[in-house]
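Here is a short note for a colleague opening this entry for the first time. Please read it with the structure in view.

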Amino acid sequence: MRILSGGISHESNSLNPIITGEDDFVVLRGNEISRRSVFSRHSSAGIIETLQKGGAEVIPTVLARAVPNGVVSAAFYGKIKAEMLQAAGEALKQGPIDGVCLALHGSMKVEGGLCAEGDLCLALRDLLPGIPFTAALDMHATITPALLRAVDGFAGYKTAPHVDSFETGVLAARMLLETLKTRKKLYTASRSVPVMIAGEKSESAAEPMASLLETCKALERDSGTDKTAILAASILLGFPWADCEYNAVTILVSAFTENRAAADKAARDLAEAFWRRRKEFSFRTECYNSREALAAACTAVLEKGERPVFVSDSGDNPTAGAAGDATEVLEEILRIPDRIEKLPTPLLYSGFYDAPAVAACVQAGEGAEIAITLGGNWDKLNGKKLPFRVRVEKTVRDYGPYKSDLALVRPALPSADLCNILISVTSKHIGFGDENLLPALGINAADYCLVVVKLGYLEPCFRKIAARAIMAASRGCSNEILETIPYEKVKRPLYPLDPGMEWTPVV
Ligand SMILES: [Zn+2]
């Protein structure tokens, strides 16, 4: 049994002007995919481990991953697609291929608007007709007709923040092994629900996602006793920061063709339930505009003694593909110097994506005081280059799998001394949700009373130490208030852009 594997993973934010290119991706080729542990919890690892345990020979092709960012360069996507097709072609020369199982995100967009996963999977399908093909998807996948035509069975993440990527890979691989073992064909029921959900309203621990996902899990559990024989039930939320005609919530339920009716019913019921509960989606954490969020955080620290208090600069969340250099929240911090100076520890801001600033810090060295600007290199709509004199507290070279340089700086006000603020800055667009990033700079976030982070919902590493989490609905490319985004391509009517719309699922 020879199974082709590999994948592409990127969440492309079409509001962000950055073009995500080759330098932003980590690309693993051939046996590197299973050998290297950089993505040991990724769905790809779950796929490969499960296929190998199931006795299959895995043919690894290419696995390309980057942190969410602007759309992907057409040249780079073309190169990865050609490499994957070439690897598949070479494998075919060695003998027949029995199945395909890919690790995909589902919301990768290429310059010009192409939805990458559908395009890639259709090309593979042309080369490998008639064999079963399954895929693991991120919960924020955007389901397109091309993807549905190419792939037989899908498994989507059931957690946000995402902590079940590996397990989702396991499910996608199991589905493939099962269909090969039984020689039964796979069928996927698909129901699109005309809803967009701001990322921070979709945490899997909060209602209504918690019970909708529980329904999916129950359907999958019941397949063990063959009551419904649903192999995988997934809610794919789409990605609201891409302006795309397919943006919607999609329910996918995969089963063997003999259980088609059960899959269709489950998909329709889930779609109906999702629509019925659409108005219940809300921010789990308290949410204010940037000024109010900072005021609430300062009051919590200074008057109530709460610490650490976290403020998410949610409109400029690089892990949702925003540029990471919008400056609204930093400007608001600079408006209240008296409050900031009273904080018992420096305000920790993690951070900014600013390659020129980091390069200047690395060149000057730790302890140097230099003039830099922060912000506004990319997101010129919501950011500007703010000039600072800073002391370079620490620098780190080639951090993490994406090999970003890091700097920790302490800015000074134009007129005065170093202020009570520390800012982490990255030379690559790697985001600020990684639990090892601040420790690499010698920082333990728990030691700080007020931590501002360019994130939406807090990743588990921050949540577990946060005495209080406040979300700033700031301006940026991951603006949480979807009604204010000037979409041009999404299909209308679409909730919540058209709040009064009616909809019933097609039977
Ligand atoms: Zn996601």
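1. Start with the second largest pocket. Its lining takes at least three residues from domain 1 (2-280) and at least three from domain 2 (286-479). Keep in mind that this is a predicted model.

2. The pocket in point 1 holds about 560 Å³ of space. In total, 28 residues line the second largest pocket. Nearest its centre are Ser14, Leu15, Ala242, Asp243 and Pro486. Sorted by class, this lining has 13 nonpolar, 7 polar and 8 charged residues.

3. Now the layout of the chain. The domain assignment gives two parts: domain 1 covers 2-280, and domain 2 covers 286-479. How many residues does each domain bring to the contact? Domain 1 supplies 27 residues and domain 2 supplies 25. The C-alpha centres of the two domains are 33 Å apart.

4. Next, the area of the interface. In general, the size of an interface is often given as the accessible area lost when the parts come together. Here domain 1 and domain 2 bury about 1900 Å² between them. Carbon and sulfur atoms carry 62% of that area.

5. Which residues form a salt bridge with a closest N to O distance of 2.8 Å? They are Glu203 and Arg463. Across the interface of domain 1 and domain 2, the rule finds 1 salt bridge. The rule also finds 9 residue pairs in polar contact across this interface, with both residues at pLDDT 80 or more. On the side of domain 1 that touches domain 2, the residues divide into 15 nonpolar, 6 polar and 6 charged.

6. Then turn to the largest pocket. Its volume is about 1500 Å³. There are 44 lining residues, and those closest to the centre are Arg65, His162, Thr319, Gly433 and Glu459. The lining of the largest pocket has 20 nonpolar, 15 polar and 9 charged residues.

Key
Residues are numbered from 1 along each chain as its sequence is written. This is a predicted model: local features need pLDDT of at least 70, side-chain atom pairs count only at pLDDT 80 or more; totals for chains, interfaces and linings use all residues. Side-chain values use heavy atoms; hydrogens and water are left out. Domain bounds come from an automatic or database domain assignment. Contact means heavy atoms within 4.5 Å. Buried area is the accessible area (1.4 Å probe) that two parts lose on being put together, summed over both. A salt bridge is a side-chain nitrogen of Lys or Arg within 4 Å of a carboxyl oxygen of Asp or Glu. A polar contact is a pair of N or O atoms within 3.5 Å; within protein, one must be able to donate a hydrogen and the other to accept it, and residues adjacent in sequence count only if both atoms are side-chain atoms. Ala, Val, Leu, Ile, Met, Phe, Trp, Tyr, Cys and Pro count as nonpolar, Asp, Glu, Lys and Arg as charged, and the others, Gly among them, as polar. On a 1 Å grid over the protein atoms alone, a cavity is a set of points where a 1.4 Å probe fits but cannot get out, and a pocket is an open set with protein on both sides within 12 Å along at least five of seven lines; lining residues have an atom within 4 Å of a point. Grid points are joined across faces, edges and corners, and a volume is the space filled by probe spheres set on the points.
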